[in-house]
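Here are some notes to read alongside the structure, one point at a time. Please keep the 3D view open and find each residue as you go.

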Amino acid sequence: MKYSIFSLIHQAFRQQQDWKPAWREPEPKREYDIIIIGGGGHGLATAYYLAKEHGLRNIAVVEKGYIGGGSVGRNTTIVRSNYQEPGNIPFYEWSLKLWEGLEQDFNYNAMMSQRGVLNLYHSDSQRDEYARRGNAMMMHGVKADLLDRDGVRALVPFLDFENGRFPIQGGLLQKRGGTARHDAVAWGFARGADSRGVDILQNTEVKQIRVENGRAIGVETNRGFIGAKKIGLAAAGNTTRVAETAGLRLPIESYVLQAFVTEAIKPLIPCVVTFGGGHFYISQSDKGGLVFGASLDGYTSYAARGNLPGVEDTIEEAMAIMPGISRVRLLRHWGGIMDMSMDGSPIIDKTHIDGLYLNCGWCYGGFKATPGSGWCFAHLIATNETHPNAKALRLDRFATGHVIDESGTGAQPNLH
């Protein structure tokens, strides 16, 4: 069924009784040409583009829970491409271009809103750093605007510009950035993949990747063994645990990142705002709630829940730029598991095991990368060749020294 104003009118006259499930609930086949481990945004996008762009149909997406229940539904929904390193800019800009046409492409309302992303700076040195980033973006054809204090004040006048520790001096604005509805993105890719013949296997947990004679031949699951000619691993924060079952040790650590939502208030924040004195970021949802987050919790964990010191740090950063937030009541918060690489940049590459491919190390950038990741990972699996926009995102860059350290913090995953 194609969603449109005409289908809505049709259903209205039928008392909304004729809607079909967005995707099927198939039984696993004995073997597939391709299995994607992980039914989050990246796994579903990969399956979607494998079917749509490469004409492959005998594909299964294996998800241990339900669609939208993992990190794809546990983030702060920010979409942007304002990166500095040449290994990152082409990839994230391609992803943003896919975002711009995504809803029409997979015929689903992902609530994409290009309201802009504003990164605040609080010192002369930080201004120079943002100017370098903006220039790097523009050299790759990505528009950026460096605003002074008056420019920022005109956009977000409610911020604390005279804060004693972190006075706001200006900001770097990417007008094409914004937000999207996180779980709707997962649902849209799932529906699009299913309509092209992909089997989406929910509540199917991978216990082991079976490897024989140096080749991946399938996965052991709680529903039995499922064979495959190729396997794509896109399990986000659980990537290391699944990879270990195939004998792989990856340059990744998993940390919890907390997100928060307040009660609904009248329209206040016109764009995404990030705090240059820390790692706080905030936007306002279409329902009126303020959606925000900050830094990782300080220790490795696979638990999708946060701790109170992390809550305290986040609220302190919020108060530093927006004291008025103290009057808004917090409704809920949750945690998602981040797969943090050693240089803070992702990995899309083949492994030394034939037929096993990696999509991991997304750190804070997983949601914004969803369509680009799926596109490039699908290209790699289908053709066995790296997509040009992901050519720097190799696994062996840690051995060769070609790291992509956007923040310049070195091999400390929790600091990126």
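1. Let us begin with a term: a salt bridge is a side-chain nitrogen of Lys or Arg within 4 Å of a carboxyl oxygen of Asp or Glu. Please remember that you are looking at a predicted model. With that in mind, find Arg-210 and Glu-220, which form a salt bridge with their closest N and O atoms 2.0 Å apart. Arg-210 sits in strand S9 (residues 206-212) and Glu-220 in strand S10 (residues 215-221), so this pair ties together parts that are 10 residues apart in sequence. Arg-210 is partly exposed, at 27% relative accessible area, and Glu-220 is also counted as partly exposed, at 22%.

2. How many salt bridges does a search of the whole structure find? The count is 22. One of them joins the side chains of Arg-181 and Asp-183, at 2.6 Å from N to O.

3. Next, look at Asp-396 and Arg-394, whose side chains meet in a salt bridge of 2.7 Å, N to O. Asp-396 is partly exposed at 31% relative accessibility, and Arg-394 is partly exposed with a value of 36%. Elsewhere, salt bridges with shared partners link Arg-14, Asp-18 and Lys-20 into one network.

4. Asp-343 lies between strand S16 (330-341) and strand S17 (347-350), and it is buried, with a relative accessible area of 2%. What does the side chain of Asp-343 reach at 3.1 Å? It reaches the backbone nitrogen of Ser-345. A polar atom of the Asp-343 side chain also lies 2.8 Å from the backbone nitrogen of Ile-404. Not counting residues up to four places away in sequence, Asp-343 touches several others, including Arg-397, Phe-398, Glu-406 and His-416.

5. The largest nonpolar core has 57 residues, and Leu-44, Tyr-49, Phe-91, Trp-99, Phe-189 and Ile-348 touch the most other members. Among the elements that give two or more residues to this core are strand S1 (31-37), helix H2 (41-54), helix H3 (89-106) and helix H9 (370-383). Which element supplies the largest share? It is H3, with 8 residues.

6. Gly-374 belongs to helix H9 and is buried, at 0% relative accessible area. Gly-374 and His-42 are 332 residues apart in sequence, but their C-alpha atoms are 5.3 Å apart in space. Beyond its neighbours within four places in sequence, Gly-374 is in contact with His-42, Ala-45, Thr-46 and Tyr-49.

7. Finally, have a look at the surface. Met-1, Ile-5, Phe-6, Leu-8, Ile-9, Phe-13 and Trp-19 form a nonpolar patch there, with about 790 Å² of accessible area together. Trp-19 is found in the loop between helix H1 (5-13) and S1, and this residue is partly exposed, with a relative accessible area of 30%.

How values were computed: Residues numbered from 1 in each chain as written. Predicted model: local features only at pLDDT ≥ 70, side-chain atom pairs only at ≥ 80, totals over all residues. Heavy atoms only, no water. Helix = DSSP H or I, 4+ residues; strand = E, 2+ residues; numbered from the N terminus. Buried < 20%, exposed > 50% of the residue type's maximum accessible area, 1.4 Å probe, protein only. Polar contact = N/O pair within 3.5 Å; in protein donor to acceptor, adjacent residues only side chain to side chain. Contact = heavy atoms within 4.5 Å. Core = buried A, V, L, I, M, F, W, Y, C linked by side-chain atoms within 4.5 Å. Patch = residues over 30% accessible without salt bridge, like charges linked within 9 Å, V, L, I, M, F, W, Y side chains within 5 Å. Areas by Shrake-Rupley, 256 points an atom, 1.4 Å probe, with all protein chains shown as cover.
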